[in-house]
Amino acid sequence: MFYEMIGFAADGPGPELDCLPRFRTEEAAFFLDFDGVLVDLAETPDGIDVPGHLGPMLGELHAKAGGAVAIASGRAVADIRRWLPDFPGVIVGSHGGEIDRGQGPEATVSPDPGVVAALQKMVEGFATSNEAYIAEPKPTGVVLHFRRNPELRGAAWNMLENALSQFEGFHIHHSKMAFEVRPDGVGKENAIQALMEEEPFAGRLPVVFGDDVTDEPALAWAKERGGVAVKVGEGQSAAGCRLESPEVVHRALARQIAGRAQEPAGAA
Ligand SMILES: O=P(O)(O)OC[C@H]1O[C@H](O[C@H]2O[C@H](CO)[C@@H](O)[C@H](O)[C@H]2O)[C@H](O)[C@@H](O)[C@@H]1O
């Protein structure tokens, strides 16, 4: 079904998926980053375009993989739910700071709520100094985006460094055209490793897709475990496979849903 929806050629995917090893979807546990992997990057967090086929496609993948499909995002769980309201799988949000197994988000770290609120207030106040800034509060921290004017990068960094000098237990994370204040100890790789001990993920082949530095520890971990690590887009990576764009990722997932990955190489 998705072959037609995403214009996937009936005679096979072509060389763009050559680096992706063959594995059985029924034996895999998928951990999929959101921005830059499932959807193209946009000028603002709310400016993304979620293609109409993405939700149904993830639902089909979830069914075929026996429920072992998680979205692992830097966004808050609530934000992912807003974009993918029908996604039936686990959502790892806030870079691993929260996990929603279907009963609502559970915190994996416990930053002082008063400090989180104070930092959010400081960043939101600072963001009003230039209309190009966007402040994005999350349950465990806050992001300061400057994609609309990259020249603001230095000022954004200085502000956050100054803000963090007043509190302990947080650090600045480098995102794409953004800096994020996160609690120490948070990481997608921790959440993914915890999920791999639980049903329905346990005992399966870990398959991690990521595009950002925040995904690298999880990509390296999947590779070390003999799993599949897929980097999307440019930049250094420990991953063994690189796909060009979210569009190519969709083709890879469509192939897994169709079961073509189980066929011998060249049988497409
Ligand atoms: O782990 P991810 O799912 O990849 O989330 C990483 C961050 O994604 C969002 O910011 C990035 O995407 C925006 C929309 O394309 C873009 O405008 C921004 O410049 C990027 O940094 C999201 O807003 C963050 O909260 C996530 O941490």
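Q: In which sense, parallel or antiparallel, do β8 and strand β9 (residues 178-183) pair?
A: The model is predicted: local features need pLDDT of at least 70, side-chain atom pairs count only at pLDDT 80 or more, and totals for chains, interfaces and linings use all residues. Residues are numbered from 1 along each chain as its sequence is written. Helices (H or I, at least four residues) and strands (E, at least two) are DSSP runs numbered from the N terminus, and two strands pair if DSSP finds at least two bridges between them. β8 and β9 have six bridges, and their sense is antiparallel.

Q: Which residue in β9 is the bridge partner of S175?
A: Another bridge of this pair joins H173 to E180 in β9. For S175, the partner in β9 is A178.

Q: Which residue in the turn between β8 and β9 has a positive phi?
A: β8 and β9 form a hairpin, with two residues between them. Phi is about 55° at one residue in that turn, M177.

Q: Which strands stand at the edges of the sheet of four strands?
A: This open sheet has antiparallel pairing and the order β6-β7-β9-β8. Each edge strand has a single partner, so one side of it is left without a neighbour in the sheet. The edge strands are β6 (134-138) and β8 (170-175).

Q: What angle does helix α5 (residues 153-164) make with β9?
A: Axes are lines fitted to C-alpha atoms, for helices over the stretch in contact, and angles run from 0 to 180 degrees between N-to-C directions. Contact means that the C-beta atoms of two residues, placed from the backbone, lie within 7 Å. Helix α4 (residues 113-127) packs on the sheet, touching β6, β7 (141-145), β8 and β9, and makes about 15° with β7. Helix α5 packs on the sheet as well, touching β7, β8 and β9, and its angle with β9 is about 15°.

Q: What is the average twist from one strand to the next in the sheet of eight strands?
A: This open sheet has mixed pairing and the order β5-β4-β3-β2-β1-β10-β11-β12. Its edges are β5 (105-107) and β12 (241-243), each with a single partner strand, so one side of each is left without a neighbour in the sheet. From one strand to the next, the twist averages 20°.

Q: Which residue in β10 is the bridge partner of A29?
A: Strand β1 (residues 28-32) pairs with strand β10 (residues 205-210) in the parallel sense, over five bridges. A29 has as its partner in β10 the residue P206.

Q: At what angle to β10 does helix α7 (residues 216-224) run?
A: Helix α6 (residues 188-195) lies across β1, β2 (69-72), β3 (90-93), β4 (98-100) and β10, at about 165° to β2. Helix α7 lies across β1, β10 and β11 (228-232). Its angle to β10 is about 150°.

Q: What is the radius of gyration of the protein chain?
A: The chain has eight helices and 12 strands. Its radius of gyration, taken over C-alpha atoms, is compared with the globule rule, 2.2 Å times the number of residues to the power 0.38. The rule gives 18 Å for 268 residues, and the chain is close to that, so it is as compact as a globular protein of that length, with a radius of gyration of 19 Å.

Q: How many residues of domain 2 take part in its contact with domain 1?
A: Domain bounds come from an automatic or database domain assignment, which divides the chain into domain 1 (2-108 + 186-262) and domain 2 (113-183). Their centres, taken over C-alpha atoms, are 27 Å apart. The contact takes 14 residues from domain 1, and from domain 2 the number is 14.

Q: How many residues surround the ligand?
A: A residue counts as near if its C-beta atom, placed from the backbone, lies within 6 Å of the molecule. Domain 1 and domain 2 each give at least three residues to this shell. The closest are F34, D35, P45, S73 and G74, and the number surrounding the ligand is 23.

Q: Which loop holds P200?
A: The peptide bond from E199 to P200 is cis, with omega near 0°. P200 is found in the loop between α6 and β10.
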